[in-house]
Amino acid sequence: MSAEQTLADFGVVGLGTMGSNVALNVADNGFEVACWNRDPEVQRAFLSANAGARVVGVPSLRELPARLSRPRRILLMVTAGKPVDLVMADLAALLELGDIVIDGGNSRFEDTRRREAEWRAKGLHFVGMGVSGGAEGARHGPSLMPGGSAEAYAALAPILEKIAARSDSGPCVTHVGPDGAGHFVKTVHNGIEYADMQLLAETYDLLRRGFGLGAPRQAELFARWNEGPLESFLVEVTARVLAVRDTATEDPLVERIVDSAGQKGTGRWTVMAALERGIAVPSMSAAVDARVLSSEKPERVVASRILDGPRRDPLPADDATLQFVHDALLAARVLAFAQGFRLIRLVSDELEWGIRGGEVARIWKAGCILRARLLDRILGAFEEAPDTRNFALVAPFPGDLARLVPALRRALALAQTCGVPTPVFAASLAWYDSIRSARLPQNLTQAQRDAFGAHGFERIDQLGVEVHADWSL
Ligand code: 6PG
């Protein structure tokens, strides 16, 4: 066997859950993988647990490039932030022109832009790649969102297209766009994930507090909903977790969990990227705020003893009422996704990334946390109008929303009457009502700004001209 034949096709640095699962996925697809982990014990355990797989370990990072065919393709699955820069600094000295390093972590897209530019200047390729689908996805087929040069993508495509999840629209991977485009799209994926998860939490709360439905009955309801237009990974997971009982108490396990949500940051980054650019993503902002408020548990417990709210007996949960909650959830989900796709489009325009909304919908159809039947309709809308900023304006969505939004109004009215907080339902409806209002009340805002700060305003009969008024009576 020549030395060339012993070279591995793919390198993986970082053998935590995600790294080891991606390495095994690549190996299962017929590629030889060379891997390395900073803690040698982790690497030893991984290699001995997977003795039959096409994975080999290297004793140090320095030795990894020499074990790989060229151009080298090395995936980093290390903690986002400084660890990525440290490994990149070590690798940069060892790599040669045209070699490719992929960062598969949840990195900030601004960091990816900087890293990609620095490496481009050295003649190296850096690909920031969103990987979605958790441990299971990484092992058996994630949705992959790589950004970087077209040349790097061409060299990676034979591997990425094999390891990615597949839907009836092909492998869930595409060349998202240059530099930070892939990580940006993953960030927005997570922003929408926050909104969709919060909508499900609000639905659970409304069903529980508004209709007195316990977790076991809700589990059946969500499982039924998952057979219709709401079908999605997140509804499936909701049905599953609501059905599990605590072994110690026999209570639904979900009721034994402290109501304080964690967050690693991607939802907040989505909102920050939008706010910095003056792009409104109210459903995602409300979802981030909801997690923050949930984590302020001690303050809430104190306030719950001081502040009053409505006290009502639960309403009867007949099929018709449950149907409007279903329709409300679907309407709000459409509106949250529409904000996310619009954000992707506007940032892509600003940074000249050329991201195609239809491709994003296509690669989210399987493998990722957002996979949902709704994405077929979104993909259809983008096929109809590839350049739309807002798929909610493209068929079939105006008709869908005309049918579903009345249920959203009803669900919100009910939640408000019961005093159940539903911030993402409310923000989604407010976004809908705002974007469909040709006239909003910010004429008053402008008048106030001019009255107290002489900030000027435009008259409707004199567009483009800044004027002031004398507001004294
Ligand atoms: C995915 C998920 C994954 C993870 C987030 C959750 O696409 O596979 O989005 O990235 O679930 O890290 O983040 P939070 O801890 O912020 O909820």
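Biologist: Which backbone atom lies 2.7 Å from a polar atom of the side chain of Asn37?
Modeller: That is the backbone nitrogen of Leu15, and such a pair is a polar contact, meaning N or O atoms within 3.5 Å, where within protein one must be able to donate a hydrogen and the other to accept it, and residues adjacent in sequence count only if both atoms are side-chain atoms. Before we go on, please keep in mind that this is a predicted model, in which local features need pLDDT of at least 70 and side-chain atom pairs count only at pLDDT 80 or more, while totals for chains, interfaces and linings use all residues. Residues are numbered from 1 along each chain as its sequence is written, and side-chain values use heavy atoms, with hydrogens and water left out.

Biologist: And where is Asn37 placed?
Modeller: Asn37 sits in the loop between strand S2 (33-36) and helix H2 (40-49), where strands (E, at least two residues) and helices (H or I, at least four) are DSSP runs numbered from the N terminus. A polar atom of the Asn37 side chain also lies 3.1 Å from the backbone oxygen of Asp39.

Biologist: Is Asn37 buried or exposed?
Modeller: Asn37 has a relative accessible area of 11%, so it counts as buried; the cut-offs are under 20% for buried, over 50% for exposed and partly exposed in between, using a 1.4 Å probe and protein chains only.

Biologist: Changing topic, what surrounds the ligand?
Modeller: There are 14 residues around the ligand, and the closest are Ser132, Glu193, Tyr194, Lys264 and Arg291; to be counted, a residue needs a heavy atom within 4 Å. A polar side-chain atom of Ser132 lies 2.4 Å from an oxygen atom of the ligand, while for Arg291 the corresponding distance to a ligand oxygen is 2.8 Å, and for Asn106 it is 2.9 Å.

Biologist: How much of the ligand's accessible area does the protein cover?
Modeller: The protein covers 80% of the 420 Å² that the ligand has on its own, with areas from the Shrake-Rupley method and a 1.4 Å probe.

Biologist: Now the strands: why is S7 described as largely enclosed?
Modeller: Strand S7 (residues 143-147) is largely enclosed by the rest of the structure because 5 of its 5 residues are buried. On one side are Ser143, Met145 and Gly147, and on the other Leu144 and Pro146.

Biologist: Which strand is joined to S7, and how do they run?
Modeller: Strand S6 (residues 125-132) is joined to S7 by 5 bridges, and they run antiparallel; two strands pair if DSSP finds at least two bridges between them. Val131 has Leu144 of S7 as its bridge partner.

Biologist: What about S4, who are its partners?
Modeller: Strand S1 (residues 10-13) runs parallel to S4 and is joined to it by 3 bridges, and 4 bridges join S4 to strand S5 (residues 100-103), again parallel. Within these pairings, Gly11 has Ile74 as its bridge partner in S4, and Leu75 stands opposite Ile102 in S5.

Biologist: Last one: which residues touch the most others in the largest nonpolar core?
Modeller: They are Phe341, Trp364, Ile378 and Phe391, in a core of 96 residues, where a nonpolar core is a set of buried Ala, Val, Leu, Ile, Met, Phe, Trp, Tyr and Cys residues joined through side-chain atoms within 4.5 Å. Helix H13 (residues 319-351) gives the most to this core, with 19 residues.
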